[in-house]
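Visitor: Hi, could you walk me through this one? I'm new to this.
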Amino acid sequence: MSSTEKHSGRDAAGQAPARSVPGDPKEGAAPAGDQPRSWRQYIEEAEAAEKQAEREAQRVRAAQIKKEKRRPRLLRERAPAAPNRAPRDRRPRRELPKEWAAQAAKALAAAGGRGWERICALTAGGWDCVGRAASGIRGVVARHPISPLLYVTLLTVFIGVVAFKDTYARAYVLQVNGQEMGLVAGQEDVDAIRSNIESRASNILGEHYDYDPDISMTPVYVAPNALSDTTQIEEALFEDVGALVTAYGLRVNGAELGYAPDSSILYQMLDEVAQPYLTPNTVSYNFVETVEVYSIELPSNTQYNVDSIRSTLSTLRVQQATYTVKKGDTFNAIAYSLGMMPNDLSVLNPDVLVDKIWVGQELVIQQSVPYLSVENITDEVYDQVIPSPVEYTETAELYVGDTKVWQEGEDGLEQVSAHVTYVNGVEVAREVLSTETLKEPTTTYAYTGTTPRPVTASNGYFIWPVRGTITSNFGGRNLWGSYDFHLGLDIACRTGTAIKAADGGTVIKSGWSGSYGYLVAIRHDNGYVTYYAHNSQLLVSVGQKVYQGQIIARSGATGNVSGPHCHFEVRINGTSVNPRNYLR
């Protein structure tokens, strides 16, 4: 081979000569055109050969151990070492090609000199270091065999300890007075709970409260999210402290009346209020006002005043109401019908002119009612008259609106079942549930008038003859030191005040009449007679027809009197009756 060929590294045919690998059985026999193997390929082949040799050594050792187990113990102890045991490392030593070492050196230089210890394993002789270390480890394991299960067990225990510490935390089971309350993180939580309970109880009771229960704490391991809510533990313990107790309050129309330790006390007082208005037919009762019995938490040292609640419920209160003026009403008559004096009614209505009230006008009135108004609902069964039906026949002999019976029928009778509602004993509603006829009624036959009514015809009710103060009512009285029965009403007024006919009719008296002085008497169509006495002047004569509201005289002080006034009297069949029952 010429020097030129050595320099170029190629043969005469232009091909690079094949490179030999030390130890290769085909060394120098590579066919023309084969490419040299890289250092990585060489390492892979070396590792494969090493693994193959190791497997063969393991088979030899396994066979030797099996053979020794079959020998008697004595022979096994005297037997010399097996002559055919494989040496620790009988693999052929191989050296890396110089070209590969040069490449590794270049790589080291490119890396800045780092990792020489790793690259030296790839250089000539480096592989032997690695092989000898591996063989040493295998020898130790062979001389001291350990079950793989032990390694697995130790690893499992280690992993379990780490996982347990990451999964569970130390906590304490809190017991208070022998009762388990929950899980807490430590003593700090218990101290905070005790401090909060003492503070809350002291604020409620208005004095210092010392909370010192029997507390024990048992350590446990639990998941971090298993700890109890300390607020809930505090609330449960606070309820046992007894700083607050459940009491009951009474409220009427939103106003607090007081508290009692038991609701039954309040309900008993309400029953006592309602009892006077209940009857054997009572189905249920309630109160017109909004009455509430409710529970409330109060300090345990609260002083209850039940008698104060009972006293309030038994009082009367003044209730303001209105009265609507109806046809025929007068101011004085309204006052008397309500049990009031006209002056008292006038004070409640300062803008109302007592002589000029009108139908539909509302007057303010007052009445005393119980503090609680009782609505009593009853089931009642009673007999009720069935009015006789009336058949009318027209006649010109009667005025329009007047009737006259010519054949009287008989009323019937029925049994009624009804719901009746009373408020403070006064009926306010009636609902008929069923009726049963006990006796059928018979028909009444009557005439009805067709002749127009004259102005002087009676209307069937009386108006006040004059406005003024009532100085003497109907009935017994003491007059000048002696008892006297007054037959009418004395209405005070100034002399000369106009006196009006209470209803249409015919004048039957007009003149002087003893103690009456100057008197006018009128007979009305229904047979009633009205008297107007002590007049100063008479304006009608006997037999004259007058209409309702017509001026018939002037007031005065004639006859047996102590001052000017009008004496008004109503007589039925010759007997004097109370005029208040007929006036509107």
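Guide: Strands here are DSSP runs of E with at least two residues, helices are runs of H or I with at least four, and both are numbered from the N terminus. Two strands pair if DSSP finds at least two bridges between them. Also, this is a predicted model: local features need pLDDT of at least 70, side-chain atom pairs count only at pLDDT 80 or more, and totals for chains, interfaces and linings use all residues. Residues are numbered from 1 along each chain as its sequence is written, and side-chain values use heavy atoms, leaving out hydrogens and water.

Visitor: What's the strand order in the open sheet?
Guide: β5-β4-β7, with antiparallel pairing. β5 (255-260) and β7 (291-299) each have a single partner strand, so one side of each lacks a neighbour in the sheet.

Visitor: What does the side chain of R251 make a polar contact with?
Guide: The side chain of E256, at 3.0 Å. A polar contact is a pair of N or O atoms within 3.5 Å; within protein, one must be able to donate a hydrogen and the other to accept it, and residues adjacent in sequence count only if both atoms are side-chain atoms. R251 itself sits in strand β4.
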